[in-house]
Amino acid sequence: PDGRSFRVHKVKEFEQIILPKYFRSSKTKSFQRNLNLYKYRRIVGGPLDGSYEHPKFIKGAAKMAETIRRELSSSKPVLDKFDENTAPSTQQSVVEPLEKLQ
């Protein structure tokens, strides 16, 4: 709504169409956990209540959004080499699937 945040308005369609296409899980709760790992912040209260924001997520600045990286927990080991069965999926830009919902 403000060009610096996004909100999922059609949760059922988001779970059925967008999540399976771009992410490993088709559950909104899992998507929300991933947003937290990428340091998105949920807005509580006001006209943007329920939206998510990130300092590098700005409308029209797709290149900046591509620099958003997952924060690794210091308590979890980092994989030394790529294993497609255990490695996290290749980072997908959140921008493309969200633009398709508009």
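**Briefing on the predicted chain**

The chain exposes about 7800 Å², and carbon and sulfur atoms supply 51% of that area. The model is predicted. Of the 102 residues in the chain, 26% count as buried. Four helices and three strands make up the secondary structure.

**Confidence**
- The average pLDDT of the chain is 80, and 70% of the residues score at least 70.
- Residues 77-92 have a pLDDT below 50; this stretch has 16 contacts in the model beyond near neighbours in sequence.
- Where pLDDT is low, the predicted coordinates should not be read in detail.

**Order and contacts**
- Starting at the N terminus, the elements follow the order β-α-α-β-β-α-α.
- Among contacts in the chain with a separation of 6 or more, 54% are between residues 24 or more positions apart.

- The three strands form an open, antiparallel sheet in the order 1-3-2.
- Strand 1 (5-6) and strand 2 (41-42) are the edge strands, and each pairs on one side only.
- Strand 2 is joined to strand 3 (residues 52-53) by two bridges, and the two strands run antiparallel.
- Tyr52 in strand 3 stands opposite Arg42.

**Helix 1**
- Helix 1 covers residues 11-22, and its buried residues are Phe14, Ile18, Leu19 and Tyr22.
- Seen down the axis of helix 1, these buried residues fall within an arc of 95 degrees, so they line one face of the helix.
- An α-helix has 3.6 residues a turn, so residues three or four places apart point the same way.
- The exposed residues Lys12, Gln16, Ile17 and Lys21 are on the face of helix 1 turned away from its buried side.

How values were computed
Residues numbered from 1 in each chain as written. Predicted model: local features only at pLDDT ≥ 70, side-chain atom pairs only at ≥ 80, totals over all residues. Heavy atoms only, no water. pLDDT = per-residue confidence, 0-100. Contact = heavy atoms within 4.5 Å. Pairing = 2+ DSSP bridges. Buried < 20%, exposed > 50% of the residue type's maximum accessible area, 1.4 Å probe, protein only. Arc of directions from axis to C-beta. Areas by Shrake-Rupley, 256 points an atom, 1.4 Å probe, with all protein chains shown as cover.
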